[in-house]
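Have a go at each task before reading the solution.

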Amino acid sequence: MKTLLNIIWLILSGFWLFLAYLLAGLLLCVTIIGIPFGVAAFRIGIYALWPFGYTTVERRDAGAPSCVGNVLWLLLAGWWLALAHITTGIALCLTIIGIPFGIANFKLIPVSLLPLGREIVPTDEPFAAR
């Protein structure tokens, strides 16, 4: 079932969201300071490409640097990636078939706003990373 949902997701919105994260990652990797943010964008872009079967958990050992990094991320790329999720989610919710995918888009908004200090893990082992 996860594979079928991921294929439909890929067609409806996953590919375009992946391209948005890829563009953000490439722009952030232009400077040396932005490379960690670019790596985070690539990581979340792959998650946005194929999200079903995975979830995010908070890393307890992340600390203050990830908090500062999240503020910078929010200013540099997070707000417009979250806006892309909102726009895509609203568009998908206009059809009955797209409602579950629109809700999945809304669930990706917190990850797109504050990605540092989170880890993407399979849904069958969300507490294994702790």
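**Exercise 1. Find which residues line the largest pocket of this predicted model, and sort them by element and by class.**

Step 1. Start with the lining itself: select Tyr47, Pro51, Phe52, Tyr54, Thr55, Thr56, Pro100, Ile103, Ala104, Lys107, Leu108 and Val111.

Step 2. Now assign elements. Two of them, β1 (54–58) and α4 (99–107), each give two or more residues to the lining. The top contributor is α4, with 4 residues.

Step 3. Finish with the classes: the lining of this pocket has 9 nonpolar, 2 polar and 1 charged residues.

**Exercise 2. Work out how helix α1 is oriented against helix α2, and describe their contact.**

Step 1. Locate α1 at residues 2–28 and α2 at residues 35–49. Their axes lie 8 Å apart, at an angle of about 175°.

Step 2. Classify the angle. Values over 145 degrees count as roughly antiparallel, so α1 is roughly antiparallel to α2.

Step 3. Look at who makes the contact. On the α1 side you will find, among them, Trp9, Leu10, Phe15, Phe18 and Leu22. From α2 come residues including Ile35, Phe37, Phe42, Ile44 and Leu49.

Step 4. Sort the contact residues of both helices: 18 are nonpolar, 4 are polar and none is charged.

**Exercise 3. Repeat the analysis for α1 and helix α3.**

Step 1. Helix α3 covers residues 63–92, and its axis comes within 11 Å of that of α1. The two cross at roughly 170°.

Step 2. Because of this angle, α1 is roughly antiparallel to α3.

Step 3. In the contact, α1 supplies Leu12, Ser13, Leu17, Ala20, Tyr21, Ala24 and Leu28. Facing them in α3 are residues including Trp73, Trp80, Leu81, His85 and Thr88.

Step 4. The class count for this contact is 13 nonpolar, 3 polar and no charged residues.

**Exercise 4. Classify the geometry of the ring pair formed by tryptophan 9 and phenylalanine 52.**

Step 1. For context, the whole structure holds 3 aromatic pairs.

Step 2. In the pair of tryptophan 9 and phenylalanine 52, the ring centres are 6.0 Å apart and the planes stand at 85°. Planes over 60 degrees apart count as edge-to-face, so this pair is edge-to-face.

Step 3. Tryptophan 9 sits in helix α1, while phenylalanine 52 is in the loop between α2 and β1.

Technical notes
Residues numbered from 1 in each chain as written. Predicted model: local features only at pLDDT ≥ 70, side-chain atom pairs only at ≥ 80, totals over all residues. Heavy atoms only, no water. 1 Å grid on protein atoms, 1.4 Å probe; cavity = no way out; pocket = protein on both sides within 12 Å on 5 of 7 lines; lining within 4 Å. Nonpolar A, V, L, I, M, F, W, Y, C, P; charged D, E, K, R; others polar. Axes fitted to C-alpha atoms, helices over the stretch in contact; angles between N-to-C directions. Parallel < 35°, antiparallel > 145°, perpendicular 65-115°, else oblique. Contact = heavy atoms within 4.5 Å. Phe/Tyr/Trp six-rings, centres within 6.5 Å; stacked < 30°, edge-to-face > 60°.
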